[in-house]
Amino acid sequence: MEKKKQLKEDYNKLNKENKVISYLSLKNMKSDIYKYGYTYSNKKYALMVLASIACTVGFAYIYQLKPFCISIVLITILLCVPSLIRARFKGTFQERKFNDVDIYLHQMAFSFQKNPKILSALEDTERVATGKLKVTLRKAIISIEESTSSNIYENAFAIIQKAYNNSRVAALHKFMYKIETSGGKYGTALNIILGDVNNWVTRTYLMQNEVKNIKKNTMFGLLLGFSMGALTVMLTKAMGRNGSLLGSTDISQDILYQITSVVFICVSILFFTYTQTHYNYDWVEKVRNDKYIMRDYKTATEFDAKNFVKKMIPMYVIIFLVAVAVALIDVIPYHLFIGAGLLLLDVYMVISPTFTKKSAIDKTRKNVQDAFGEWLRDVSINLQDEPLIPAIQDTYENCPAVLKPELTIFLTRALNDPTAVEPYYEFLARFKIEDINSAIRSLYSLSSMDSDIVDEQLNQLVERNYEFIDKSEAASTQDTNAAMRFTEYIPTIVAAFKMAADMLSMVMTML
């Protein structure tokens with residue numbers, strides 16, 4: 001047993017060492033950059049290292065750092081260099097990837113409107129494509145032309161979706177395949193897809209500009225922070241040269257000043273690295289962690305917080321009695337603190353199930369809101385040539401995970417009694433999202449309308465869905481932007497603490 005444990009520890013240690021070596025390796029970094037479609041020369045890397053050394057020298061001169069402190073700053077900068085280089089190319093790659101999807105979706109849809117043939121649309125799109133998109137489309141076209149399989153279009157689309165994994169690309173492919181193989185009306189459905197794509201593209205470009213502005217403002221904040229951080233030592237130097245009446249005011253020799261300066265510089269460098277690496281979003285693929293989403297869903301819909309608290313009452317009572325007993329026994333060191341700690345633990349255990357339930361409900365409502373617009377878009381497309389229930393059934397396989405349990409209940413009830421209104425009115429009703437409830441009622445009304453006014457009502461439903469998606473994604477964007485906007489103030493906040501520490505050093509120096 002001990003031998004297995006030792007082998008596991010050795011393996012983990014070796015794995016960590018390999019990761020560090022891989023991170024610092026110039027060869028691996030160039031390989032990562034090449035995957036993004038770019039190259040990086042040894043000369044550029046050498047210039048980056050020289051620039052890092054120059055920055056360190058600049059910091060050392062301005063902040064009057066000692067040799068040991070200079071070495072810490074230099075090591076910190078050099079350790080951040082690989083991340084900054086990778087982040088630069090990754091950010092450019094993500095923007096270009098989104099631009100490729102923008103071109104692909106629009107050109108494919110326009111070409112398919114003129115001539116509803118997949119191969120023709122791919123060839124038209126290849127003519128206007130460049131770079132990776134052009135190469136990917138050429139592979140897909142060759143796959144169609146040379147394949148003898150019965151799944152020629154699925155295989156070709158799989159090549160594209162592997163390179164550009166996006167729900168709107170998948171929706172367009174599914175629709176085109178359906179028209180190519182089964183025929184049917186496609187004008188209105190294609191307009192629905194294009195409307196959704198246009199809104200998404202516009203929102204994403206706005207978000208990209210917002211992130212660029214936040215990065216730029218953060219850079220200005222760092223420069224301002226570095227200036228504020230150096231202000232105190234420059235002031236005390238000037239006072240010393242001019243013969244201050246307060247005596248020696250040079251704080252650069254003080255150990256507290258040296259420590260706070262190194263911490264301030266290193267924190268600022270690490271923060272800058274964080275903003276450059278973590279604000280490079282994948283604009284194409286919306287990542288959903290279905291495991292956590294369904295865990296929250298299960299907690300929100302199945303967990304009974306009140307019943308759980310009732311079952312745990314004996315445990316709460318025992319902990320309370322132990323807390324009281326410990327607090328009353330004087331021979332126990334720090335008995336009052338231990339008793340208070342146990343009492344707080346008991347209170348936390350009593351209230352935590354309620355907060356866990358509420359948090360899961362809030363997260364699930366947000367997940368349902370994010371998923372509903374995508375699902376309703378697919379239903380609207382299917383409604384062009386299918387009755388309502390089959391149109392909903394066809395979305396089940398690819399619908400977001402958070403909707404599947406609710407959709408299963410709905411379809412079971414609706415198929416048992418197709419004329420019943422209750423399955424529609426109770427679908428997702430437990431989450432109390434008025435926009436969704438209203439949209440579902442509108443969806444139900446389509447099943448009882450004459451065919452001559454269905455198109456008009458469907459267009460209204462589509463417009464409402466555009467608004468719903470805009471509202472949902474705008475809320476998500478607003479939350480993200482608010483968090484990023486806050487980080488703009490971090491450099492000046494850290495600089496303010498640095499100045500306060502410098503003032504303390506100055507007071508100690510004068511005493």
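**Helix packing and pockets in a predicted model**

In helix α13, Met315, Tyr316, Ile319, Phe320, Val322, Ala323, Val326, Ala327 and Leu328 meet His335, Leu336, Ile338, Gly339, Leu342, Leu343, Asp346, Met349, Val350 and Pro353 of α14. Contact here means heavy atoms within 4.5 Å. Sorted by class, this contact of α13 with α14 holds 16 nonpolar residues, two polar and one charged. Nonpolar covers Ala, Val, Leu, Ile, Met, Phe, Trp, Tyr, Cys and Pro, charged covers Asp, Glu, Lys and Arg, and the others, Gly among them, are polar.

A quick word on the ground rules: this is a predicted model, with local features needing pLDDT of at least 70 and side-chain atom pairs counting only at pLDDT 80 or more, while totals for chains, interfaces and linings use all residues. Residues are numbered from 1 along each chain as its sequence is written, and side-chain values use heavy atoms, leaving out hydrogens and water.

Back to the pair itself: α13 spans residues 313-328 and α14 spans residues 335-382, and they pack at an angle of about 165 degrees with their axes 7 Å apart. Helices (H or I, at least four residues) are DSSP runs, numbered from the N terminus. Axes are lines fitted to C-alpha atoms, for helices over the stretch in contact, and angles run from 0 to 180 degrees between N-to-C directions. α13 and α14 are therefore roughly antiparallel to each other; angles over 145 degrees count that way, while those under 35 count as roughly parallel, 65 to 115 as roughly perpendicular and the rest as oblique. α13 passes α14 in a left-handed crossing, meaning that the near helix is turned anticlockwise from the far one by less than a right angle, with clockwise giving a right-handed one.

Helices α5 (residues 118-128) and α6 (residues 131-146) pack at about 155 degrees, and their axes lie 9 Å apart. They are therefore roughly antiparallel to each other, and their crossing is left-handed. On the α5 side are Ile118, Leu119, Leu122, Glu123, Thr125, Glu126 and Arg127, which meet Lys134, Leu137, Arg138, Ile141, Ile144 and Glu145 in α6. That contact has six nonpolar, one polar and six charged residues.

For α8 and α14, the packing angle is about 15 degrees and the axes are 12 Å apart. That makes α8 roughly parallel to α14, and α8 passes α14 in a right-handed crossing. Ser167, Arg168, Ala171, Phe175 and Lys178 of α8 make the contact with Glu374, Arg377, Asp378, Ile381 and Asn382 of α14. By class, the residues of this contact come out as three nonpolar, two polar and five charged.

Now for the pockets. On a 1 Å grid over the protein atoms alone, a pocket is an open set of points where a 1.4 Å probe fits, with protein on both sides within 12 Å along at least five of seven lines, and lining residues have an atom within 4 Å of a point. About 1700 Å³ of space lies in the largest pocket, a volume being the space filled by probe spheres set on the points, which are joined across faces, edges and corners. Its lining takes in 50 residues, and Ser167, Val284, Glu285, Lys286 and Glu374 lie nearest its centre. Elements giving two or more residues to this lining are α7 (152-163), α8 (167-182), α9 (187-241), α14 and α19 (451-487). The lining of the largest pocket splits into 18 nonpolar, 15 polar and 17 charged residues.

The second largest pocket holds about 380 Å³ of space. Of the 16 residues that line this pocket, Cys55, Phe59, Leu84, Ile269 and Phe272 are closest to its centre. α3 gives the most to this lining, with five residues. By class, the lining of the second largest pocket has 14 nonpolar, two polar and no charged residues.
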